[in-house]
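Colleague: I would like a close look at a single chain, including what surrounds it. Please keep it brisk.

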Amino acid sequence: MTHVGYLIAGWGSVVTISFAYGVSVIVRGRKLAEKVPEDRRRWMTTKDATEIGVS
Amino acid sequence: MTGSRTTRILGSTLLLGAVLLFFLAFVATEPDTRIDAASGDTIGQFDAVRLMYVHVPSAIVAYTAFFVTAVGSVMVLLRRSVWWDIVAGASAEIGTVAAALTLITGSIWAKPIWNTFWRWDDVRLMTTLVLFMLSLGYLAVRRLEGTAEGRAVRSAVVGLLLIVNVIVVNRSVEWWASETLHQQSTIADVEIEDLTLFTFMYSIFFGVALYVWMLIHRFRVGWLERQFERFGLDDALAARRAEADDHPTVDAAIDSSGGNS
Amino acid sequence: MLRDVGLIANKDLRAELRSRVALNQIVPFALLILVLFGFALDADSTTLATFTPGLYWVAIVLSALLAVHRSVELEAGDGASDALLLTGVTPVAVFLGKALALLAELWLLAFFLLGGVLVLYQPPVADLPLLIATILVAVIGIAAAGTLYGALISGQRARETVLPILLLPVLAPVVIGASRAFADAMATVATNGWAWLALLGAFGGSYLVIGSYSYGLVLEDFS
């Protein structure tokens with residue numbers, strides 16, 4: 001196989017950065033979920049915009 | 001927790017899908033080699049072509065993500081839609097990451113193939129670079145202070161202008177490059193076999209599916225942020241009161257001791 | 001409407017004349033950039049003459065950042081934006097008025113800086129009308145986009161740092177187009193400068209229209 005170094009660098013950066021970003025999003029979500037009570041976590045179901053703070 | 005049954009099923013499918021992508025990209029497909037008709041030499045991109053299986057999906061995800069941001073921005077301006085505001089912000093963040101990956105993988109591929117990391121005369125490179133820089137500006141606008149609605153509208157204006165600016169930059173670089181260019185950019189045309197084509201298509205499909213999975217999670221984070229911003233203090237107070245109700249208060253303790261102490 | 005535009009522009013320009021920030025800080029800053037380019041490029045006069053178009057427009061865009069920032073600051077003083085609202089002028093008039101004032105300042109700066117590069121870098125001048133037309137047209141786009149993006153960050157604590165990353169990528173086409181037109185006028189590159197001028201005109205025109213429509217949306221006070 002040719003260009004092994006380039007392949008490792010390219011695929012490596014994609015895998016590492018995507019994975020790190022994915023983990024960071026999930027961690028952010030977990031931290032926030034602790035602070036927001038269950039009944040406010042009904043994403044995609046709320047029709048009324050005023051309910052989440054915008055009139 | 002931003003997971004749900006849907007995201008868990010999608011997430012585990014993606015994990016299996018990643019294994020398949022890796023297998024297709026590194027084991028099943030052949031390197032890009034051709035015999036030059038004139039000289040009889042073997043030419044082509046050889047194994048560097050395998051970088052394309054991550055580069056092309058990144059680029060497609062980046063542009064798709066900002067298209068979604070633009071759609072969301074229009075919906076915010078038309079209907080003051082909160083849902084779309086969160087979608088637009090979530091999509092732009094993922095798009096920024098994808099644009100960065102596009103630039104990184106593109107440069108790494110270009111080094112052995114074009115013998116340079118960067119070419120100023122290539123329209124796609126320049127457009128993606130400016131897209132990336134504009135997206136950083138967009139994300140900065142989303143982090144500015146102000147009311148939730150004001151921020152939604154401001155971001156929507158910037159989000160729409162982002163697409164307009166990308167088109168203007170694309171056109172002007174195209175024109176600029178066609179004037180300054182020494183030769184038209186030659187992406188060594190890969191001889192596409194059936195399996196290679198399938199791997200390409202699959203990698204793009206995989207990239208978009210990964211984008212959807214991330215978008216759902218990031219949307220929910222945005223939703224929670226919005227909830228916390230709006231109700232965080234109320235909720236904390238309510239939790240405090242609930243806690244207080246469980247324990248006798250100081251006053252109640254004094255009352256029950258008869259107030260003699 | 002036109003009267004309002006004139007009043008706003010007049011207000012900004014008078015405040016600028018009185019404070020002399022533009023004269024005492026922005027103009028010297030622009031000159032400093034020219035001098036720094038000279039140092040950085042080893043005072044090699046051929047290099048400087050050849051790259052004058054690009055260096056000139058980079059200097060303009062960087063100095064324009066300061067001018068935009070100034071234009072935003074004028075409204076940031078004690079309740080200035082509230083007072084402006086009380087006068088009942090429309091956001092469109094405020095946008096056009098502020099853009100006009102910024103335009104006037106930047107035109108002056110650009111012509112001053114043109115004199116600067118002609119003396120310091122000594123590029124050949126093949127087409128003076130094209131040079132002048134390029135400045136007149138390109139600066140419209142900078143002023144219009146600057147006023148719009150400046151409004152976005154008004155009242156923000158982080159405005160000094162956010163403005164460049166917002167505005168500089170947006171102005172990329174202006175830098176490309178104006179440098180090409182200058183390169184034609186200075187005969188360093190064979191290109192059709194007047195055609196690039198059309199692109200600059202389209203950019204400026206679009207941003208004037210877009211800015212007029214979205215200025216009210218962007219300023220929270222107005223919406």
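What share of the 261 residues in chain B is buried?

Modeller: Buried residues make up 41% of the 261 residues in chain B. A residue is buried if 20 or more other C-beta atoms lie within 10 Å of its own, exposed if 12 or fewer, and partly exposed in between, with C-beta atoms placed from the backbone.

First, the ground rules. This is a predicted model, in which local features need pLDDT of at least 70, side-chain atom pairs count only at pLDDT 80 or more, and totals for chains, interfaces and linings use all residues. Residues are numbered from 1 along each chain as its sequence is written, while chains are lettered from A and ligands numbered from 1 in the order in which they are written.

Next, confidence. pLDDT is the predictor's confidence in each residue, from 0 to 100. Chain B has a mean of 85, and 89% of its residues reach 70 or more. Residues 182–188 of chain B have pLDDT below 50. Beyond near neighbours in sequence, that stretch has five contacts in the model. Two residues are in contact if their C-beta atoms, placed from the backbone, lie within 7 Å. Where pLDDT is low, the predicted coordinates should not be read in detail.

Now the fold. Chain B has seven helices and two strands. Along the sequence the pattern is α-β-β-α-α-α-α-α-α. Helices (H or I, at least four residues) and strands (E, at least two) are DSSP runs, numbered from the N terminus. Of the contacts in chain B with a separation of 6 or more, 78% are between residues 24 or more positions apart. Take B:Leu10, in helix 1 (residues 5–28) of chain B. Its C-alpha atom is 8.6 Å from that of B:Leu210, 200 residues apart along the chain. B:Leu10 counts as partly exposed because 18 other C-beta atoms lie within 10 Å.

Then the neighbours. On one side is chain A: 36 residues of chain B are in contact with 29 residues of chain A. The side of chain A that touches chain B has 18 nonpolar, seven polar and four charged residues. Here Ala, Val, Leu, Ile, Met, Phe, Trp, Tyr, Cys and Pro count as nonpolar, Asp, Glu, Lys and Arg as charged, and the others, Gly among them, as polar.

One helix pair deserves a look. The axes of helix 3 (residues 82–114) of chain B and helix 1 (residues 4–35) of chain A come within 9 Å and cross at roughly 175 degrees. Axes are lines fitted to C-alpha atoms, for helices over the stretch in contact, and angles run from 0 to 180 degrees between N-to-C directions. The two helices are therefore roughly antiparallel to each other; that label applies to angles over 145 degrees, with under 35 roughly parallel, 65 to 115 roughly perpendicular and the rest oblique. Chain B's contributors include B:Leu101, B:Ile104, B:Trp109 and B:Lys111. From chain A come, among them, A:Tyr6, A:Gly10 and A:Ile17.
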